[in-house]
Amino acid sequence: MSSIDLHSHSTRSDGKESPTEVFEHAAAAGVDILALTDHDTTSGWSEAAEAAARLGIGFVPGIEVTTRAKVQRESRTHFISVHMLAYLPDPHNQALLTELNETLGSREIRAQKIVDKLSVDFDITWAMVLETLQEGATIGRPAIADALVKLGVVADRTEAFHGPLHKSEKYYVATDTTDTIDAIKLILNAGGVPIIAHPLGGAKDNLSRGDLPEEHFEQLIDAGLAGFEVYHREVPEVAREWLRILAHKHDLIITGSSDYHGIHGKPNRLGENTTPPEMLDRILTAGTGAKAIL
Ligand code: AMP
Ligand code: MN
Ligand code: MN
Ligand code: MN
């Protein structure tokens, strides 16, 4: 059976390795088909396609789109960050490109705000963050983490995320970005297949059934959501069972992936979770904006 991993990052966003290196490591790990899904950009696709062809493995083009959902809880409005994987969207679709470019701009402004706050307590500057990044790379907290590592504030990215870069810390600023339902529509209009990345990934394992946001998920499904990334190390067991039932009820796609960010980027390892071939077939049938190379 082939090993299909549908979520990975390169230096075009917050991964630590070039698209070529990511595919070399995938081939060495025995992955047969890999999707490159950098945050809010398609800039790694052509390099990935070349590397995959040379190595004799498959390439599925994707994007991990940063979105924000509005949810009502106890009659109050909350915003939650939702990462939406888009498989096979047309990389030249103007509406999608415009939205992605806006998000890239918001990410930069937001990262500068985080660095401003951090600079009160640490010797960090915006220039230090830019130094860790390749030109044109999507900016996120991992780049700030790398600067904090260089400064000796933390030992690695994970320590930074458990420390000063944690959501609950005073330095945190959220990214202002596309509404999740709008993003689903944009992806569909670009011929892409929208699948939620690591759904309920932030939720604790002791989540109870009653806490699961059924109404919110039903709204996304009504908007055209195609599936869930159920098999991902951050998705809690109780959520997996619930998502499988929901997917079955609506005949949705279920995927499994690593969310690789490089050997030194995150502990996630290529091929640690995989997608059944029949689920990839459904993605390939539904996606009409770009072609996979298999
Ligand atoms: P941001 O998009 O700027 O909010 O940053 C979130 C990104 O940081 C996610 O996409 C992850 O790839 C990455 N991330 C989250 N937790 C960690 C961690 N513990 N170690 C390394 N990277 C992480
Ligand atoms: Mn990332
Ligand atoms: Mn994500
Ligand atoms: Mn990811």
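**A close look at the metal sites**

Tutor: Let's start with His9, which counts as buried at 0% relative accessibility. Buried means under 20% relative accessible area, exposed over 50% and partly exposed in between, using a 1.4 Å probe and protein chains only. His7 is buried too, with a relative accessible area of 0%.

Before we go on, this is a predicted model, where local features need pLDDT of at least 70, side-chain atom pairs count only at pLDDT 80 or more, and totals for chains, interfaces and linings use all residues. Residues are numbered from 1 along each chain as its sequence is written, chains are lettered from A and ligands numbered from 1 in the order written, and side-chain values use heavy atoms, leaving out hydrogens and water.

Now, both histidines hold the manganese ion (ligand 4): its protein donors are His7 (NE2), His9 (NE2), Glu64 (OE) and Asp259 (OD), at 2.1 to 2.2 Å. Donors are N, O and S atoms within 2.8 Å of the metal (3.2 Å for Na, K and Ca), and sites may look incomplete because water is not among the atoms. Along the chain, these donors follow the spacing H-x1-H-x54-E-x194-D. The manganese ion (ligand 2) lies 4.3 Å from ligand 4.

His83 and His198 are 115 residues apart and link distant parts of the chain. Both His83 and His198 are buried. Ligand 3 is 5.4 Å from the manganese ion (ligand 2).

Methods:
Helix = DSSP H or I, 4+ residues; strand = E, 2+ residues; numbered from the N terminus.
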